[in-house]
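Biologist: I am new to reading protein models. Please take me through this one, feature by feature.

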Amino acid sequence: MKKFYISLLSSALLSIVVLGWLIDAFSQQTQTSEDEFSVQSKMIMGFSKQLANIPTSERGRYVKQLANEFNLLIDYKHNESLALPPSLLLQMHTAGGLILEDQQGFYMLYSSQILSPFHISMRLDKRVDTEQRNDIFLTLLFYAGLCVFMGFIITPLAKRLTVLNEAAKKFASGNVQARIKVSHFTYIKDVELTFNRMASQIEKLVAENKLMASSLSHDIRTPIACLRFGLDAAIDSYDEQQIKKYLSRMESDLDHMESMLKSYLAFATLEQNANKLTYSSTNIKHYLSDILIQLAPKFESQMLNVQLNSSSDIINADLHWLARAITNLLNNACDFAELHIYLSAKVYEHQLVITVEDDGPGIAKENFNNVFSPFFKEEEHRNRADKSYGLGLAIVEKVADWHHGSIKVSKSNQLGGACFTLIIDQHHKA
């Protein structure tokens, strides 16, 4: 929007300057190069020179004769007849005389050393109506030109708003794939990009909700079937020991269902934390060491060797959610590693790059793009981690997205298993 505001303001200022210059040039062309009363001024000064050759007693009569001959309203009077301050009386002796205005219009007063203490007065004609009409015409011309200039700015904006409106209508009608094709020549590029991001986010949430509903309905069938079988068996049995055995199995199935529902509900509400990140700084090496200390009992119980190779760079991130993502990657490595796990971290060009590698079976190349999808589990790995619901890596992807980063998987060159690379942008801070 900043581009739009700057363009609008610049165009308005440019249009005002250009139109003002054009109207001023037009106005100067319509006016004479001389002053409006320059002709009358020359006439009255010429009359005064002629009066210098006329005897003082005959000057009044001579002025009346000039008025008749030239059809002018000229008079010759004593200065005492004027009720003017001394400053204005002095102006009568300047070139061009003194111009005053009364109810009838304008008139000019002129005197000199030869005429003093008398002066000549001349009534002036000014085409006030014509001047007012010209002013109105120029004013209308200015505003019309301003509207034309602003139209060139508003028209592209109106077109882009129409495109935005049509995309919003399609999206509202159920087409969650509706997007705006962003143009390079648009004032609202930020708005269009924001709409596309919003649409993508909503489409992703809708897809996740559908996937979660279908996955939950599929995964919950097994424990429900087990509960049904155990309940029927307990009802039909008369052996108390056997009934207790069935009830124990049913309790285990209920615990499994409760754990499953908690995981699903936690993931469903996960997106609410996207705008609640709290950024802080820390030493990445010390930070990763603390995470490894927390997970040490699990590593020891599975007899895994974990190696850390990290720089001592200072990073900025939401340390809680970043730790959650790293922990999920390490837990995933624990589930499939044979003996070794390799954890590394370093800052490259304002990007924190964390890699977690293991010597397990790895991930099939065709599943590289699917492994971060919620509830996805490779068929050959489904029995490796009984308590996994395919949400750990999906949470890692969300944390990376919240930090304007990314997560990807490949084959480890050092250990031969899976290699997860988590990238966190260090430019963005909350």
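Modeller: Start with burial. Buried means under 20% relative accessible area, exposed over 50%, and partly exposed in between, with a 1.4 Å probe and protein chains only. Here, buried residues make up 37% of the 430 residues. This is a predicted model: local features need pLDDT of at least 70, side-chain atom pairs count only at pLDDT 80 or more, and totals for chains, interfaces and linings use all residues. Residues are numbered from 1 along each chain as its sequence is written, and side-chain values use heavy atoms, leaving out hydrogens and water.

Biologist: How many helices and strands does the protein have?

Modeller: Helices (H or I, at least four residues) and strands (E, at least two) are DSSP runs, numbered from the N terminus. The protein has twelve helices and eleven strands.

Biologist: How do I read a sheet?

Modeller: Look for pairing: two strands pair if DSSP finds at least two bridges between them. E3 (residues 105–110) and E4 (residues 118–124) pair over five bridges. There, Met108 stands opposite Met122 in E4.

Biologist: And two packed helices?

Modeller: They are described by the angle between their axes and the distance between the axes. Axes are lines fitted to C-alpha atoms, for helices over the stretch in contact (heavy atoms within 4.5 Å). Angles run from 0 to 180 degrees between N-to-C directions. The axes of H11 (residues 319–336) and H12 (residues 392–402) come within 9 Å and cross at roughly 145 degrees.
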